[in-house]
Amino acid sequence: MPNTQQLKDLTTQVRRDILRMVHKVNSGHPGGSLGCAEFFVALYNEIMERNNGFDMDGIGEDVFFLSNGHISPVYYSVLARSGYFPIDELNTFRLINSRLQGHPTTHENLPGVRIASGSLGQGMSVALGAAQTKKLNNDSHLIYSLHGDGELQEGQNWEAIMYAAGNNVDNIIATIDLNGQQIDGSTDDVLPMGNIKAKFEAFGWTVVEINEGNDIDAILKGMVEAKSKTGKGKPVCVLLKTVMGNGVDFMMYTHAWHGKAPNDEQLAIGLKQNPETLGDY
Amino acid sequence: MKTYTNTGSKDTRSGFGAGLTELGKTNENVVALCADLIGSLKMDDFKANHPERFFQVGIAEANMIGLAAGMTIGGKIPFTGTFANFSTGRVYDQIRQSVAYSDKNVKICASHAGLTLGEDGATHQILEDIGLMKMLPGMTVINPCDYNQTKAATIAIAEHRGPVYLRFGRPKVANFTPENQTFEIGKAIHLIEGTDVTILATGHLVWEALEAAKTLSEKGISAEVINIHTIKPLDDEAIIKSVTKTGCIVTAEEHNFLGGLGESVARVLATNKPTPQEFVATKDTFGESGTPKQLMEKYGLNSQAIVKAVETVLKRK
């Protein structure tokens, strides 16, 4: 079993990174980033089989795609702390001439990023394409992807979800961040999506639920289960129930911090709730 | 004056199909995707010969573009096939973010472009696709003129690293360029040398330009005809050189005059060598149902329209 204390320490540090990044430039998306911190830490440290260094083609390793690109702070923090680029570069988030654009891009050659995302709903198709190339290349490694729940309102997802089952793309684990929030309010208020699990199942996917999506142990258990369901003719979906803004009490259980940065005082409170563990950038 | 012979009319989409068949044999990284239009795009051979590298995506073009972008990761060279309308306008943001901005090696192959799609009418006759695609940073835009050139262009773009928009059409048109030609992206082809006027044409209008040159020659007007198969990157040098000699220009395309080849040429001329120019193109309008011939006549996209434009531009020299 992995040492989950180390992962928890890393998660706390990632939360600090997120808060400090968005605070510095007074912009960015802390809510969803904080909600997915445990998931990213678990994915990059325990779940994915990754090669050293970065190669765009990702042959012989698991490959991850972030579809809801606005949670770039957590992505950048975990990529940096997984060795893809210098941790100090987090200082440049959203600044001019930076590789750390507001939304992730391949355009500035940031190691770790394989597709631009930000305009929502496109990542599922991209991930499926990469999964099919893995099969053509006889590469048994997996494709992982992450999508927001609100993002499922984009129709392209359902084209892709239908395609995946119809074509037995069974080397993908697509995770949906079920935090129930989007910019204008709760997903139920904005556009109720009904039973997402039933929808994926009706489209022919295998669904694994992680009800404690901010608990490292629960995530590891759920993702191992998801992995065990790949290669059986059906695409695999993980429904990851998270709390937006997790780990910073005043940011939790609300959509208010979807795309808003904390002020100096709020930053201080947030950092106090998440003491430095591995060293700030 | 140099003349050209139609060796037998063929559709440019069949040139695409033939090129794809050839690529299937020569390049194992080439994969093809189609959104429920295999027969229309002439992708049947590739599908039959390489079923493992062919992906039927159904009527879901947005997903097709995303799949293609993803397939490049791991070294594949995806060719997507559907009508020009559904290859561009319908999926503009998918192309913009997942392909162009992400610098993915996807070849967007678009048939039934322009008015010559014919009877299906304006919903399917896109006249804005060149403009949409040329505005995307890093996108190469190619509109070959006949079967042989479309086949050669299809083969050539597999060797080009980066996103490409390849535009071709439905009707049978004159096939007059050499068989098994080498296609050089971005390199204009001088078809007829002339001294009085430059006619710069792309796609189906190239043959019409050749026909126009014959008529003009009978009237004592020496027209230089250039085939601009690549709209982006544009062969600025060839254009400037030609108008330096002729002093006026007519651009001809099966596309809206807003955003098409003509406007790209006007930019080159305005910044390098201001020159009188006339546009043979649709004039900010949608198309309609009709036969290709009727439509090209009604919307002023045939050899007669080119002759008329030449006569107009000559007066402005």
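This is a predicted model: local features need pLDDT of at least 70, side-chain atom pairs count only at pLDDT 80 or more; totals for chains, interfaces and linings use all residues.

Colleague: How many residues of chain B are in contact with chain A, and what area do the two chains bury between them?

Modeller: The size of an interface is often given as the accessible area lost when the parts come together. Here chain B and chain A bury about 2200 Å² between them, and 53% of that area lies on carbon and sulfur atoms. In terms of residues, 28 of chain B are in contact with 28 of chain A. B:Ile73, B:Gln97 and B:Tyr101 supply 29% of the area that chain B buries against chain A, more than any other three residues.

Colleague: How many salt bridges and how many residue pairs in polar contact are there between chain B and chain A?

Modeller: The count of salt bridges between the two chains is zero, whereas 20 residue pairs are in polar contact, with both residues at pLDDT 80 or more.

Colleague: Which elements of chain B supply the side that touches chain A?

Modeller: Strand S3 (54-56), helix H4 (61-71) and helix H6 (92-101) of chain B each supply at least two residues. H4(B) gives the most, with eight residues. By class, this side of chain B has ten nonpolar, eleven polar and seven charged residues.

Colleague: Why is helix H6 of chain A described as largely enclosed?

Modeller: An α-helix has 3.6 residues a turn, so residues three or four places apart point the same way. In helix H6 of chain A (residues 156-166), eight of the eleven residues are buried, so the helix is largely enclosed by the rest of the structure. Among the buried residues are A:Trp158, A:Ile161 and A:Tyr163. Their cover includes H5, strand S2 (143-148) and helix H8 (196-202) of chain A, together with S3, H4 and H6 of chain B. Just after H6(A), A:Asn168 takes a positive phi of about 50°.

Colleague: Is A:Pro104 buried or exposed, and where is its place in chain A?

Modeller: A residue counts as buried when its relative accessible area is under 20%. A:Pro104 is at 1% relative accessibility and therefore counts as buried. Its place is in the loop between helix H4 (72-81) and helix H5 (123-136) of chain A.

Colleague: Which residues does A:Pro104 touch, not counting those up to four places away in sequence?

Modeller: They include A:Leu66, A:Tyr75, A:Tyr76, A:Val113 and A:Ile115. The C-alpha atoms of A:Pro104 and A:Met124, 20 residues apart along the chain, are separated by 16 Å.

Conventions:
Residues are numbered from 1 along each chain as its sequence is written. Chains are lettered from A and ligands numbered from 1 in the order in which they are written. Side-chain values use heavy atoms; hydrogens and water are left out. Contact means heavy atoms within 4.5 Å. Buried area is the accessible area (1.4 Å probe) that two parts lose on being put together, summed over both. A salt bridge is a side-chain nitrogen of Lys or Arg within 4 Å of a carboxyl oxygen of Asp or Glu. A polar contact is a pair of N or O atoms within 3.5 Å; within protein, one must be able to donate a hydrogen and the other to accept it, and residues adjacent in sequence count only if both atoms are side-chain atoms. Helices (H or I, at least four residues) and strands (E, at least two) are DSSP runs, numbered from the N terminus. Ala, Val, Leu, Ile, Met, Phe, Trp, Tyr, Cys and Pro count as nonpolar, Asp, Glu, Lys and Arg as charged, and the others, Gly among them, as polar. Buried means under 20% relative accessible area, exposed over 50%, partly exposed in between (1.4 Å probe, protein chains only).
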